[in-house]
Amino acid sequence: MVNSAAHRSSDTQPIDALIVGAGFAGMYMLHKLRGQGMNAKVVEAGSGVGGTWYWNRYPGARVDIQSLEYSFGFDERLESEWRWSERYAPQAELLRYAEHVADRFDLKRDIRFDTRVTAAHWDEAAQLWRVETDRGARTDCRHLILATGCLSIPTDVTFPGLDTFKGPIYRTSRWPHEGVDFSGQRVGIIGTGSSAIQSIPVIAAEAAHLTVFQRTPNYSMPAHNGPIPHADFEAWSKDPRAYRAASKDTGGGFQNEANATTLATETAPDAVRAELERRWAWGGFRILGAFADTGIDPAANRIVQDFIAEKIRAQVADPAVADLLTPKDHPFGTKRPCVDTGYYATFNRPNVELVDLRATPLKAFNAQGIATSARQYDFDAVVLATGFDAMTGAIDRIDLRGVGGRRIKDHWAEGPRTYLGLMVAGFPNMFTITGPGSPSVLTNMINSIEQHVEWIADCLVSLSRHQQTSIEASAEAEAAWCRHVAEAVTPTLLPQANSWYMGANVPGKPRMFMPYAGGLHRYTEICNQVAAKDYEGFIIRQGDRVLSDSHVFTSHPPMPDIPASLWPIIIERLTAAGLMPATA
Ligand code: NA7
């Protein structure tokens, strides 16, 4: 018989909110709700706080957005007492920061570690979520807040004979806390995504030999890590509030000099080159914002692709290896670009070898190592940097059931559907932080987290002030939001790649562009408008009495100014996708 969480009596008094996950999202949510006098608790699968930075301890792991911006801005004292040592903080420092935040706000007393939420069922009669964990603990709560992270569940990738390998197999996302010493070892690594691109240079410097198994090359830009740039530090220290506000008032949630007007295709080649060189020299994601047409017009994108291909050739001595490392199957920026420290130059080392799995597919693991269709590779250790079941993985692994026992997995059978990336129709009082349908992974996560946490906290204050017991996205508003998410991405090149944004890295996962590509600034304005219109699109109840029953979603801010010459491409794509209203 199914152990239905909804059909048992509660062991304890219901709490106001249960938060799942003690990463940056869960920690700030807990702090915020406590400040509002609410009784909130957190359940966390790991033994400590930090989420992504707790789990991903692989060598070379560091943040890709400057730490000045990838840090909390909600508390001025917290902000002023912490100093980042580098432009892009390494994992260990980020974890120390997470620990500091937890201690600073005394969060740990309300976090239950080493515990995974396994089920959460909505009890309509009681207007409560009944939650179960793998430790047998049960909690009833009025609000369930999923702060489960977008990249927290590794893909179930498996290879024939994996268990027969006699050496250790390490996953980048589950790295041993005590670290790994690869000195003198022959190491193989599978994957060339962001995790691999960060770890390969570090492992190569330590190991006797490193073999990199690549299926698809990715674009990577140099971090040029080092001390925080003087100009940024000055701007930040002069007025941290203004600096934070400027970061949040951008599409990506960080300052990137995004150019919304100049087209690469209409600019003189010398000027294009100078601009790309300037941004490449600055490092990180800055090149993404060089021109307004790169993300839309294939011809403009090709200019940046060619520029990066040239940079790869300039760094890699062997032209055949450089060619193999050059992406050819997707436009630049349509998969999450990587930021590296010495990645391409690592392939000039005599102890590093690149294996092209497209030309010579991996056949099987065996006791000695890995056999491809071409030959046997012997290893002492193997690293799997094979990615995550992104955005939905951590949510749909929980047995989540809403109104009428409807499962989230069924509701999301054709891809995740949400209203504002914050709530799901039929799942009252359940919020997602940086969930599918929100800007999340396309942005500086900390700024997106702050925006979500503050919106949810305000929403809960409003409910409590009006003695309302539940809030739920209406099916109509959810459908309208899904359409808007599609409208935002369809004009761009983003759907053209087999990316994890599209669910393409997990066999059987529905193909759908999951994050909201309209930008954090626009998105924030939409969320604020929705709240200001008494939570437009939400059904609000007091017990079983419906107090407000809004089925519309009308809160679109004005369209951004897009250069006129891009409109034909945009209209063509929207029309082909059936998203363009027919003109008279
Ligand atoms: P990614 O970016 O999803 O990269 C995973 C890599 O693993 C990618 O190169 C994959 O190649 C490769 N992969 C996955 N499965 C296989 C199999 N079966 N055989 C060979 N190669 C495989 O994950 P990361 O952890 O690097 O980065 C995730 C995000 O974290 C990143 O985007 C940042 O936001 C931070 P494929 O491309 O599928 O051919």
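## Ground rules

Since the model is predicted, local features need pLDDT of at least 70 and side-chain atom pairs count only at pLDDT 80 or more, while totals for chains, interfaces and linings use all residues. Residues are numbered from 1 along each chain as its sequence is written, and side-chain values use heavy atoms, with hydrogens and water left out.

As for labels, helices (H or I, at least four residues) and strands (E, at least two residues) are DSSP runs, numbered from the N terminus. Two strands are called paired if DSSP finds at least two bridges between them.

## The parallel sheet

Let's start with the five-stranded sheet. It is open, its pairing is parallel, and the strand order reads E7-E16-E8-E9-E12. At the edges sit strand E7 (169-171) and strand E12 (352-356), each pairing on one side only. On average, neighbouring strands here are turned by 20 degrees against each other, direction ignored. For the angles, axes are lines fitted to C-alpha atoms (for helices, over the stretch in contact), and the values run from 0 to 180 degrees between N-to-C directions.

How are strands like these held together? Strands of a sheet pair through backbone hydrogen bonds, either parallel or antiparallel.

Why is strand E8 (residues 186-190) largely enclosed by the rest of the structure? Four of its five residues are buried, so the strand is largely enclosed. Buried here means under 20% relative accessible area, exposed means over 50%, and partly exposed is anything in between (1.4 Å probe, protein chains only).

On one pairing, E8 runs parallel to strand E9 (residues 209-214) over five bridges. Val187 stands opposite Leu210 in E9, and Gly188 has Thr211 of E9 as its bridge partner. E8 also pairs with strand E16 (residues 381-384), again in parallel, through four bridges. Val187 turns up here too, with Ala381 as its bridge partner in E16.

And how does the chain get from E8 to E9? It passes through helix H5 (residues 194-206), and this β-α-β crossover is right-handed. That label applies if, with the strands pointing away from the viewer, the path from the first strand over the helix to the second runs clockwise.

## The ligand site

Which residues are closest to the ligand? Of the 20 residues that surround it, the closest are Thr192, Ser194, Ser195, Arg215 and Thr216.

An N or O atom in the side chain of Ser195 is 2.6 Å from a ligand oxygen, and for the side chain of Arg215 the distance to a ligand oxygen is 2.8 Å. Lys335 has a polar side-chain atom 3.4 Å from an oxygen atom of the ligand. On its own, the ligand has 770 Å² of accessible area, and the protein covers 83% of that. Accessible areas come from the Shrake-Rupley method with a 1.4 Å probe; for residues, only the protein chains shown count as cover.

## The antiparallel sheet

The other sheet has three strands. It is open and antiparallel, in the order E19-E20-E21, with strand E19 (470-473) and strand E21 (545-549) at the edges, each pairing on one side only. The twist averages 25 degrees from one strand to the next. Four bridges link E19 to strand E20 (residues 538-542), running antiparallel, and Ser470 has Arg541 of E20 as its bridge partner.

Two non-glycine residues have positive phi. Ser440, at about 25 degrees, lies in the loop between strand E18 (430-432) and helix H14 (445-465). With 0% relative accessibility, Ser440 counts as buried. Gln467 has phi near 50 degrees and sits in the loop between H14 and E19. Gln467 is exposed, at 56% relative accessible area.

Ser462 belongs to helix H14 and counts as buried at 14% relative accessibility. Ser462 and Asp534 are 72 residues apart in sequence, yet their C-alpha atoms are 9.2 Å apart in space.

Trp282, in helix H8 (residues 269-282), is partly exposed, with a relative accessible area of 23%. Its C-alpha is 9.9 Å from that of Asn225, which is 57 residues away along the chain.

Definitions and conventions: Near = heavy atom within 4 Å. Polar contact = N/O pair within 3.5 Å; in protein donor to acceptor, adjacent residues only side chain to side chain.
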